[in-house]
Structure formats: C-alpha cells, structure tokens
Amino acid sequence: MAALYWLVFLGSLCIGTVDGAGYLGRMPHHGGSCYYEDIKNAHFSYDEETCRRPDKWCCLHKCWATCGSTRRQSPINLDTSEARRTNANLKLYNIDKRVPATTHNSGHAPHFDVAEDNKDITLKLKNIIINKRWSKDTYIFHDIHIHLGKKENKGSEHSIDGKFYPMEAHMVFYNSKYEDISEAKSKDNGLAVIGVMIQVNKKHGDDNDDEDDDDDDDDDDDDAKKGNENEYDDEDEKDDEHDEYEGGEDNERSKREIRAKSCCRSNYWNYEYREHDEESFSKKCYEGRGKCKVRFAKTLSCLMEKYYEKIKEYHEQDNTTNGNHGPRCEYCGKKPSDYFIKEVCQKKAGNHSNTVIECGITPADVLPYDQRFYTYPGSLTTPPCYESVQWIVYKCPIKVSRKAFKALQRVEDTENNPLKEHGVRRPLQFNRYKVSVSKNF
Ligand SMILES: [Zn+2]
C-alpha cells in the first residue's frame, strides 16, 4: 500500500497532469526488469551491484536526469598544480555560535540539521565568480552531513591530488535569496557547500587497518610533537565517559545523560575553535608552510559518538524533509499546488523521527584550523545532482575519534543494511571539460 502511494505520489509530482501510470508508460527502457522496482522505491543506492548504482541515478527518476550531465558534476579530484591561484576568500558570520539542531538518518548519510527558523550563521564568498558575476550573496547554514567509505583509505567524495580520506563532512549553505533550500538547490547560485576531509584518530596503536596513509601519519606525528590536540587524553575524564558509554546496555539512559553532558559541556567547545574566528582568518592561513596542522575535532567526535547511535536505524519517514535528499517532497517541472506542499510535504516532514541535539551545532565543530581551500562550480553529489553548488573544499583535514568513525559506520541505509563495500560516497565524476578549480593559496 505504501509503495503504491509513493508510486502515484511520484508520478503526480513530476508529471503534473499526467498520472503515475502514464509516467511509467513513457519511461525509457533502462536496466531491464528491475527498473520498475527502482522507480517504485524511488531510492538511489551507492551499491555497484544494483540497478540503482550511481551511474544509473540519472535514469531512476525524471527529476534526476541531471545526474547524467557531464558539465559540472561533483565530486572531482582537486589537483593543486592545476588549480588557479586567486584571492578567493570566505567570510563566515557567527562561526562558532551554537544553534538549535536535530539529527536524522536520511538513509544515505546521517545529518545534523539546523532548526528551520535559525538564520544566524551565514557565509559570504569573496572574490568568487558564480554564474558570470562576482558573488555578493549571503548563504544560510542548513546542515552538516558526513560521507564515508567501507575502508578508511577511500571514504571522502572529493580527492585532493589523488588522495582520498576516510570521511568527508559537508556543510551545506543555501542562498538567502530563496525561501528555503528546496527552492535554492536547483538554482545556479543556490548553494555553497564547504567540504572538510576527516581522518580517524590513531590512538595507542588501535589502528588495525591494512592500508597505510603516509601523509596522515606525518600529520599525526606533527601533532604529537606539539603535545596537543592529538587525543582526548588531556581530559581523562572524557575518555572514561566514552568508555562507559560504549560499555553495554545496562543503565543506558544514565550513560547517555553523561554523554549529553560531555558534548555540551562549555569548556569542551567554547575554546575549541576560538582561534579560528573571523579576525584570525587570514593570519591562520598556513600559506607556504605546506604541511597541514590537523585539528582533533572533539565536539564533532562527541556528537557522532552520541547521536549516530540514536539514529542508527533508518525509518522510512526520515527521508521526507522537504526533499533534501530524495524526491518525495520534491517536484520538477510544474510546481504542485500550495495545498499539496502544505498538506503532504510538510505533514510528511513533520513525521520524521528527528532527534534533538542538546547543545546544537555550529560550523566550528567541523572547520579545520588551516584556511587553505579549493573552490569550483559543481553539483550536489546525491540525486537530483543539480549543478547548483559552489564547492569550497578545505585542503587540510580534521580528525575524529575512532569511536566516532565506528559509530558512523554502523548507521544503516535505506534498506536497513549497515555500511557495505561501496560506502556512502559518489564516485569521482569526469566532466566533458575540466571544471575550473581555484585555490586561495
Ligand atoms: Zn554531501
């Protein structure tokens, strides 16, 4: 019944006056008999073994045709030697302000979402041309989500000089010209997304992966010599709490309360990012230094450890937040009636089982110390793959605890499977002409 509902629902969204049956009747033949099932479920997959794999996204749904574009699709490899040096810059406002937020499992990645009515944290792009003009728009902070792979050596979506990282965080901002992200995300200047590479902390030899990541090791060594930011260890009590939380089912509630306190504890996050404020923005650019200073993102680690457990299971309704990912409250072509948006989309959006994050979130949870970045015009890396994103990808990574990484690995996908071989990342895209990448260093 539910499947039938969605079938009709999708047909009515995308075709307008044409009914669902007409839509299916006019579908191009693709992928054989499994195509009908794909449309019916309206889910995409990263699994190369299925008909819903990334190179088929374009044909799973009429609204997703852009996924087959070769104009400015993301992610790409960022080649430092080929990137053009510019004086591109960012201005982030209220960079370390914590704002109310919730978290949910989209079935493709766990999200930390800013509460809808909060528009305090904004981003301005400086000396960056979007759509043939200098960008002067303001972008509003919307969410943070994280992509990863099954193996640590390949989990990021972008690669930098051919190197992948275990995870990649995306901080999504939408243009304030538009009412909300649903409206913005299909526009040329609709979105700005900050990408941050994430390493896994190597702690006391607990890294049992068979891949070596030489640059990472160098970075860790560098941090270790400085005697800071390498572990939680300078705050032993927090480590104890982590262990206790992981310990088992007993007294789960009280343990979670402890964790909640530790994530929100003011001395945890108030100072963590203080040196990365607007004034020190350019001073902290390690221009010419070459090597990255890798920040151990303690608050992000804490949030991942605590909240990914709570949203581990995927629930069907979770994927309805204004069409953020997935087509359910989305339309292409004719706009559905206001009634439809209010009564169907918003009602559905209100049903999903979001979990409130006690201390909220801020970009400072994710941003690296080092201000070097690449920027290029690209696309969403999930359907509908709109070519509406100005990407800002930081050169230098942050790192999170191994427990945080493991918690992320356990988050289930749309079919309630744990992370599989393919991970939760779109493969590199090869556009017809190389996308023009700039760098600020
Ligand atoms: Zn993303």
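Which residues of β11 lie on one side and which on the other, and are they buried or exposed? In this predicted model, M167, A169, M171, F173 and N175 make up one side of β11, while E168, H170, V172 and Y174 make up the other, and all of them are buried. Counted along the strand, 9 of the 9 residues of β11 are buried, where buried stands for under 20% relative accessible area.

The neighbours of β11 can be followed through its bridges to other strands. β9 and β11 run antiparallel and are joined by 9 bridges, and within this pairing D143 stands opposite V172 of β11. β11 is also joined by 8 bridges to strand β12, residues 191-200, and these two strands again run antiparallel; here the bridge partner of E168 is M197 in β12.

Because H145 lies in strand β9 (residues 138-148) and H170 in strand β11 (residues 167-175), the pair ties together parts that are 25 residues apart in sequence. H145 and H170 are both buried.

Another feature to find is the second largest pocket, which holds about 570 Å³ of space and is lined by 22 residues, with R72, I129, N131, P377 and S436 lying nearest its centre. The elements that give two or more residues to this lining are β7 (129-130) and β15 (373-378), and the largest share, 3 residues, comes from β15.

Definitions and conventions. Residues are numbered from 1 along each chain as its sequence is written. This is a predicted model: local features need pLDDT of at least 70, side-chain atom pairs count only at pLDDT 80 or more; totals for chains, interfaces and linings use all residues. Side-chain values use heavy atoms; hydrogens and water are left out. Helices (H or I, at least four residues) and strands (E, at least two) are DSSP runs, numbered from the N terminus. Buried means under 20% relative accessible area, exposed over 50%, partly exposed in between (1.4 Å probe, protein chains only). On a 1 Å grid over the protein atoms alone, a cavity is a set of points where a 1.4 Å probe fits but cannot get out, and a pocket is an open set with protein on both sides within 12 Å along at least five of seven lines; lining residues have an atom within 4 Å of a point. Grid points are joined across faces, edges and corners, and a volume is the space filled by probe spheres set on the points. Two strands pair if DSSP finds at least two bridges between them.
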